[in-house]
Amino acid sequence: MKHFKFNKYTDIAAMILLLVILLFMILGGCSLFQNIEDESVNEHDENLIVVGVSQLGSESGWRTANTESVQASFTKKNGYFLLFNNARQKQENQFKTIRSFISRRVDYIVFAPVVETGWETVLSEAKEAGIPVILMDRSVTIEDKSLYTALVGSNFVEEGEKAGRWLEKDLEEKGRSEKDINIVILKGTQGASAQVGRTVGFSTIASEHSNWNILDQEYADFTSAKGKEVMESFLKKYPDIDVVISQNDDMTFGALEAIKESGRTVGIDGEITIISFDAVMEALEMVAEGTINVDIECNPDQGKYISEVIRMLEAGEEIEKEYYVEEDVFTIDNVTEELLNKRTY
């Protein structure tokens, strides 16, 4: 191995380079190592409402659309200055970000919690600082509801119930209401509101049908890769699956790959009924072609609703504790070309 030796000439060159860097830092106001976000905060217009948003991650197409909705709503043109952070699906990252927002004295904190529990301390800190907190998309489980101002999101329990009611109707139309139905469930991130609510909602309907056999259910983290992995495991263990419940479209995409590779068929004309959640564009195209039987919508376009809540708070108006966005149930009957052309996510 060749080793580099420094002599007096290289030492002098290194010193000159260091002096140049130091001079550059002095003249540039130390901007070489300055956090861009910090610099932007110092420059924002005092008339703008400063909103700190902690997004839980970028695990799915739905989450990307949710982020785009937030960024499109909280613009300078609309009267906002946005501080945005991606927590990469780690609660500890959200703790750190929220505390950063508190120290910067933002006007509002908005965050989509990775999981429901463990938020009491950091939310108490925000309350003590007098900063209203708005939950986006997902809820938190805490005794003191005053620790957050409002929730803008989806009714996940209702979404799960919609899936159950659709399956009831589908089985009735096929003359299979009294036959044994074998079901497997791909659940999302453990402890996340969407996972908890959709599980509770569907289980409530399933409990009314003694012939619905839930063979297995496993967490697949709302990702395509994990969805495929879990579905492969199900297919090896259970040769007689009738229905797959997948708690988001990304997991569904992975599950469909696994089923296709196994030689089984899916959808309207297939062996396995596919029930999915979210209703992103790619999934709706699969609904239109009959690959996915039904997709329960989870509307990611929440930025404008959160902006409206903030507008009401700024005006001193009374607000409700929870706001649920409008959502639909999509089958081949109502996924039209017009709908797909209008779809923004």
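Me: In this predicted model, which handedness does the β-α-β unit of β6, α7 and β7 have?
Reply: Strand β6 covers residues 181-187 and strand β7 residues 212-219, and the two pair in the parallel sense. Helix α7 (193-206) is the helix of the unit that β6 and β7 make with it. The unit is right-handed.

Me: Over how many bridges do β6 and β7 pair, and which residue of β7 stands opposite Ile181?
Reply: The parallel pairing of β6 with β7 runs over 7 bridges. Within β7, the residue opposite Ile181 is Trp212.

Me: At what angle does α7 run to β7?
Reply: Helix α7 lies across β6, β7, β8 and β9 (273-278).

Me: Which residue of β8 stands opposite Ile185?
Reply: Strand β8 comprises residues 243-246 and is joined to β6 by 4 bridges, the two running parallel. In β8, the residue opposite Ile185 is Ile245.

Me: Which strands stand at the edges of the open sheet with mixed pairing?
Reply: This sheet has 6 strands in the order β7-β6-β8-β9-β10-β12. The strands at its edges each have a single partner strand, so one side of each is left without a neighbour in the sheet. They are β7 and β12 (329-330).

Me: What is the bridge partner of Val152 in β11?
Reply: Strand β5 (residues 150-153) runs parallel to β11, and 3 bridges join them. In β11, Val152 has as its bridge partner Tyr323.

Me: What volume does the largest cavity have?
Reply: Searching the whole structure for cavities of 30 Å³ or more gives 1 cavity. The volume of the largest cavity is about 90 Å³.

Me: How many residues of the lining of the largest cavity are charged?
Reply: The lining consists of 13 residues, and those nearest the centre are Trp62, Arg63, Arg138, Arg198 and Asp278. Helices α3 (61-73) and α7 each supply at least two lining residues. The lining divides into 5 nonpolar and 2 polar residues, and the charged residues number 6.

Notes:
Residues are numbered from 1 along each chain as its sequence is written. This is a predicted model: local features need pLDDT of at least 70, side-chain atom pairs count only at pLDDT 80 or more; totals for chains, interfaces and linings use all residues. Side-chain values use heavy atoms; hydrogens and water are left out. On a 1 Å grid over the protein atoms alone, a cavity is a set of points where a 1.4 Å probe fits but cannot get out, and a pocket is an open set with protein on both sides within 12 Å along at least five of seven lines; lining residues have an atom within 4 Å of a point. Grid points are joined across faces, edges and corners, and a volume is the space filled by probe spheres set on the points. Ala, Val, Leu, Ile, Met, Phe, Trp, Tyr, Cys and Pro count as nonpolar, Asp, Glu, Lys and Arg as charged, and the others, Gly among them, as polar. Two strands pair if DSSP finds at least two bridges between them. A crossover is right-handed if, with the strands pointing away from the viewer, the path from the first strand over the helix to the second runs clockwise. Contact means heavy atoms within 4.5 Å. Axes are lines fitted to C-alpha atoms, for helices over the stretch in contact, and angles run from 0 to 180 degrees between N-to-C directions.
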